[in-house]
Amino acid sequence: MARSYESLRPLLQPWGELRSQPASQWQGDIALPPMLEAFYRELGPWGETVHESVGPIGLSLDAGGNPVDIPPLHKLWSLQAGYRWHGLSGERLPAWKDEWLTVAMEGGNPFILDMRSGAVLFDLVGGPWSPRPIADDLATAFGAIATVANAYTALGEAALDEDDDLRPQARAQVRDALADFLDGDRRGADALLAAWRWYE
């Protein structure tokens, strides 16, 4: 079922200010993909402004481990450094496909929009790129990430054991919340968490 970006508002609102951002704020030297233009226009992760010189920092979702950071539109293109091009030399990195665009990050691990198919992928840094699909579209991907973050943080200290490992019952609760978001698809929830490598 196709989801509207507006339907994600209750899921993302706990993580910071949402503000409509026009396509004119895009800094990229490629066209802004229509699905991203709509996401930022209709929802717009803005977040807090920690310092005037830095500006808004976007949303930072605590889903366990490193937070998932979704930038404001005017910072999205700079997020491609280290993936699309070398962060120091600016040289284009050939292993990164032309149709890939990093739309969020968990530490250094990118959530990647495939601009041809509209699917969102995830991969770990440090080896050859071989991203796994986590969702067929941007709305499902961001909604799933927010659902996991909301369910995980609702568990509080009960999520982890004394060794800081995720408790099996906590994983089950997060998976069930994600399955509810995915219209009752428990297999889909398991597949998404596996592709994300969430608490593997």
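Predicted model: local features only at pLDDT ≥ 70, side-chain atom pairs only at ≥ 80, totals over all residues.
The strands were examined first. Six strands, in the order β1-β2-β3-β4-β5-β6, make up an open sheet with antiparallel pairing. The edges are held by β1 (59-61) and β6 (132-135). Each of these has a single partner strand, so one side of each lacks a neighbour in the sheet. Averaged over the sheet and ignoring direction, neighbouring strands are turned by 35° against each other.

Within the sheet, strand β3 (residues 100-106) is largely enclosed by the rest of the structure, because 7 of its 7 residues are buried. Strand β2 (residues 68-70) runs antiparallel to β3 and is joined to it by 2 bridges. Here valine 68 faces glutamate 106 of β3 as its opposite residue. Strand β4 (residues 109-114) also pairs with β3 in the antiparallel sense, over 6 bridges. Alanine 104 stands opposite phenylalanine 111 of β4, and methionine 105 stands opposite proline 110 of β4. The two strands form a hairpin with 2 residues between them. Glycine 107, in the turn, has a positive phi of about 65°.

Helix α4 (residues 138-155) was considered next. Its 18 residues should span 26 Å at 1.5 Å a residue, and the end C-alpha atoms are 26 Å apart, which agrees. Aspartate 137 caps the N-terminal end of the helix. One of its side-chain oxygens lies 3.2 Å from the backbone nitrogen of alanine 139. Just after α4, glycine 156 adopts a positive phi of about 60°. Of the 18 residues of α4, 15 are buried, so the helix is largely enclosed by the rest of the structure.

In soluble globular proteins, nonpolar side chains tend to be buried together. The largest nonpolar core in this model has 64 residues. Leu12, Leu61, Phe111 and Trp196 touch the most other members. The element that gives the most to this core is α4, with 12 residues. Phe111 is also the residue opposite alanine 104. Beyond its neighbours within four places in sequence, tryptophan 196 contacts Ala63, Val68, Glu106, Phe111, Phe122, Ile134, Ile145 and Val148.

Helix α5 (residues 168-181) has 14 residues. From first to last C-alpha it reaches 20 Å, close to the 20 Å expected at 1.5 Å a residue. Its buried residues are Ala170, Val174, Arg175, Leu178, Ala179 and Phe181. An α-helix has 3.6 residues a turn, so residues three or four places apart point the same way. The cover over the buried residues of α5 includes α1 (9-12), α4 and α6 (186-196). After the helix comes aspartate 183, with a positive phi near 60°.

Glutamine 21 lies in the loop between α1 and α2. Its relative accessible area is 0%, so glutamine 21 is buried. Apart from neighbours within four places in sequence, glutamine 21 is in contact with Tyr40, Arg41, Gly44, Pro45, Trp46, Pro72 and Leu73.

Glutamate 48 occupies the loop between α2 (34-42) and β1. Its relative accessibility is 52%, so glutamate 48 counts as exposed, the cut-off being over 50%. Not counting residues up to four places away in sequence, glutamate 48 touches Gly55, Pro56, Ile57 and Gly58. Its C-alpha atom is separated by 10.0 Å from that of serine 60, which is 12 residues away along the chain.

Lysine 97 is found in the loop between α3 (73-76) and β3. At 43% relative accessibility, lysine 97 counts as partly exposed. Leaving out neighbours within four places in sequence, lysine 97 contacts Arg84 and Arg92.

Note on methods:
Residues numbered from 1 in each chain as written. Heavy atoms only, no water. Helix = DSSP H or I, 4+ residues; strand = E, 2+ residues; numbered from the N terminus. Expected span 1.5 Å × (residues − 1). Buried < 20%, exposed > 50% of the residue type's maximum accessible area, 1.4 Å probe, protein only. Polar contact = N/O pair within 3.5 Å; in protein donor to acceptor, adjacent residues only side chain to side chain. Pairing = 2+ DSSP bridges. Axes fitted to C-alpha atoms, helices over the stretch in contact; angles between N-to-C directions. Core = buried A, V, L, I, M, F, W, Y, C linked by side-chain atoms within 4.5 Å. Contact = heavy atoms within 4.5 Å.
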